[in-house]
Structures are given as C-alpha cells and as structure tokens.
Amino acid sequence: MKRAALFVVAVYASAPVILYLFPWILGHIIFSHLLRFPLFVDLSRPEAVLNHTCNFYLDTEEGVSVGVWHTLPASQWDEAMGRSPESYRETLGDGRPVIIYLHGNLGTRAIHHRVELVKILSAAGYHVLSLDYRGFGDSTGEPSEAGLTSDALFLFHWVKKQSRGGPVCLWGHSLGTGVATNTAVKVQEQGSVLDALILEAPFTTIGDVVVNYPLTKVYMFLPGFESLLRNIVEMNNIVFASDKNVKTLTSPLLILHSEDDDIVPYHMGLKLYEISLQAKKEYNTDVQVEMISYSANLGFSHNKIYLDPNLSNVVGKFLQTLRQ
C-alpha cells in the first residue's frame, strides 16, 4: 500500500518536470491527433456512417494531403444515387449554403457527435464538408496552428471557387473554433469577408483552456505552474487567439455554448460574445452577433449541442440572410 502511494506521489510530482524537459509533449496533448477514434472505420468509405457522402483528398501544400467528406443536403439524396465524386463537386454551385465543419482535437471526422451534427445540417438543407486537418485521420503531415489554419483556408478557397461565389460558412467546434477564427482573419486580410462564422464551445486562447483543464487544476497551487504551462504552449507556437481575432472580424457570428461545458468553460464563449459586441459597436456596423446559451440542466456539456431539437431552426434563422 505504501509503495502504491509513493508511486502515485512520484508520478504526480514528475509531470511538471517532464513537461518542462519535453515541451513537445504538451503540443501532442493539445492536438491529440494520434488518437484516431473511432477505430476500424475506413475513412475512404464514409457511407458506413453517413448517407450520400463523398470522400476526397486535397493537397493543401507540398507533402500535405487532407481528407474531406462532402455530405449532400438531404433533399438531393435521391438524385445522388450512383453519382460520381465529380458530380458531388458540381452540386456545390447550386446556391445552397455550404458549411465547412472544423472539428476539435482528438479523433477523426467519423466520431459520433461530429457525424450526428452533419446529419442534422444535411437534413436542414446544407452542403457540409468535414475536414480532417493534417496529421488527423487519414491526412498526412504533422499538426501545428499554422498548418491547421492553412488547411482550412485552402479548403475555404476551394469551396468558394466550386460554389461559384455562393455562401460559405465556417463552423468550428472546440479546437476548431480557434482554426475558424484564424481562417476568418486570413480571409479578411486577403480582401474578402467570410459569409458567416459559427463557433461551438469556443475559447479565448488555447493557453486559457490548458490552465483551466481539469487535470491541470490539481497543480495550480504550485508556484509558477500556470506560467510554466503558458510558456510551454507558446514554445510550441500554439496560441489560437480567438479573443484577439474576433476584435477585427466583420463577419456574421453565432456562438453556441453550454453552461455545463467541462472542457472549455462557458465564460470563455461569453467573453468572445462580449468582445464581438464591443467591436460591432466600435465599427458601427449592423453585422449579426448572436449567442445561444444552453442550460446546464440539459446536460449538453462539450460535445452534445447537436442534441438540441431546435438546432436546425437556430442555424436556419442565422443563415437565412445569406440566401437573400
């Protein structure tokens, strides 16, 4: 019993030292891209988990190929029977909004809550493109903040070209919200404006998420531990400063956050909403800025906002101006 207790104490005490000596470990934990859940799913055959979905790959830069699923609007399913991947691509120009789904860390585009959300969006009449960033799923390369942003930006421009200028919305969840705001800023810097941005369970910065994570809180009483974590995050060049990004964005914005989120605290989504409202006021624009909060009693936590039976109506109301 004493040996077991000493072992637990030793492991507990060694964690900060290990992170200090091997800072890259924290980067791998943040992305968790090597945990390719669900297991035994052939990502090249999406029909095993999603109806009328086409798999394809894009070379976002030399040596980097990313996997993407294109799920058709449910109203086009009958017409799509037996059609080629090229015909799927042509449908992107039908004028319907296209949603690019940027998922969070860990796992692939086939994880259950991601698939369930895509089903809801498809049933609501949208094209959905689900991206596995570099290093995730069957995509090649190694993840980094710059790399994930580059992959999302490439896909956005590719979709924009295929849609012949039709409306394209970025939907980010968790880590994907940081990718989404980075991408939106890049689009704006290139002289365009994103048609719409939806952030589900968003954070202010990745450093704020790390220091608020349940496992790291048990170390917060140690002097300097929070500073150590933040320094290691910066050493890995992982920032995802959504709080800074939303200050400059002029795209319509919808934030979805559950009050019982145990991964990304609710107050971070609220903070982004407040920053966005202040920016709207300073720029004197009438751009849409909305936030939908979900009561803790619903139990949606971090990954289950798709369970909201009114979600398609919420999204439809937000995106309806894009059709006008």
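Author: Let us begin with strand E4, which is mostly covered, since six of its six residues are buried. Please keep in mind throughout that this is a predicted model.

Reader: Which residues of E4 sit on one side, and which on the other?

Author: His127, Leu129 and Leu131 lie on one side, while Val128, Ser130 and Asp132 lie on the other, and all of them are buried, which leaves both faces of E4 covered.

Reader: OK, and in what sense does E2 pair with E4?

Author: Strand E2, residues 64–71, pairs with E4 in the antiparallel sense, over five bridges. Within that pairing, Gly67 stands opposite Asp132 in E4.

Reader: And what about E3 and E4, parallel or antiparallel?

Author: E3 and E4 pair in the parallel sense, again with five bridges, and Val98 is the residue that stands opposite His127 in E4. The chain passes from E3 through H5 to E4, and this β-α-β crossover is right-handed.

Reader: Back to Asp132 for a moment. Which residue does it form a salt bridge with?

Author: The partner of Asp132 is Arg109, and the closest N and O atoms of the two are 2.7 Å apart. This pair links distant parts of the chain, because Asp132 belongs to strand E4 (residues 127–132) whereas Arg109 is in the loop between strand E3 (98–102) and helix H5 (112–123), 23 residues apart.

Reader: Is Arg109 buried or exposed?

Author: Arg109 counts as buried because its relative accessibility is 2%, and the cut-off for buried is under 20%. Asp132 also counts as buried, with a relative accessibility of 0%.

Reader: Where do Arg230 and Glu226 lie?

Author: Both Arg230 and Glu226 lie in helix H10, which spans residues 225–235, and they are four residues apart, or about one turn of the helix. Arg230 and Glu226 form a salt bridge in which the closest N and O atoms are 3.2 Å apart.

Reader: New subject: how many cavities of 30 Å³ or more does a search of the whole structure find?

Author: The search finds one cavity of 30 Å³ or more, and about 100 Å³ of space lies in the largest cavity.

Reader: Which residues lie nearest the centre of the largest cavity?

Author: Of the 13 residues that line the largest cavity, Val246, Leu249, Ser251, Ser276 and Val289 lie nearest its centre. Helix H12, residues 266–283, gives the most to this lining, with four residues.

Reader: Last one: how do the residues of the lining divide into nonpolar, polar and charged?

Author: The lining of the largest cavity divides into eight nonpolar residues, four polar ones and one charged residue.

Notes. Residues are numbered from 1 along each chain as its sequence is written. This is a predicted model: local features need pLDDT of at least 70, side-chain atom pairs count only at pLDDT 80 or more; totals for chains, interfaces and linings use all residues. Side-chain values use heavy atoms; hydrogens and water are left out. A salt bridge is a side-chain nitrogen of Lys or Arg within 4 Å of a carboxyl oxygen of Asp or Glu. Helices (H or I, at least four residues) and strands (E, at least two) are DSSP runs, numbered from the N terminus. Buried means under 20% relative accessible area, exposed over 50%, partly exposed in between (1.4 Å probe, protein chains only). Two strands pair if DSSP finds at least two bridges between them. A crossover is right-handed if, with the strands pointing away from the viewer, the path from the first strand over the helix to the second runs clockwise. On a 1 Å grid over the protein atoms alone, a cavity is a set of points where a 1.4 Å probe fits but cannot get out, and a pocket is an open set with protein on both sides within 12 Å along at least five of seven lines; lining residues have an atom within 4 Å of a point. Grid points are joined across faces, edges and corners, and a volume is the space filled by probe spheres set on the points. Ala, Val, Leu, Ile, Met, Phe, Trp, Tyr, Cys and Pro count as nonpolar, Asp, Glu, Lys and Arg as charged, and the others, Gly among them, as polar.
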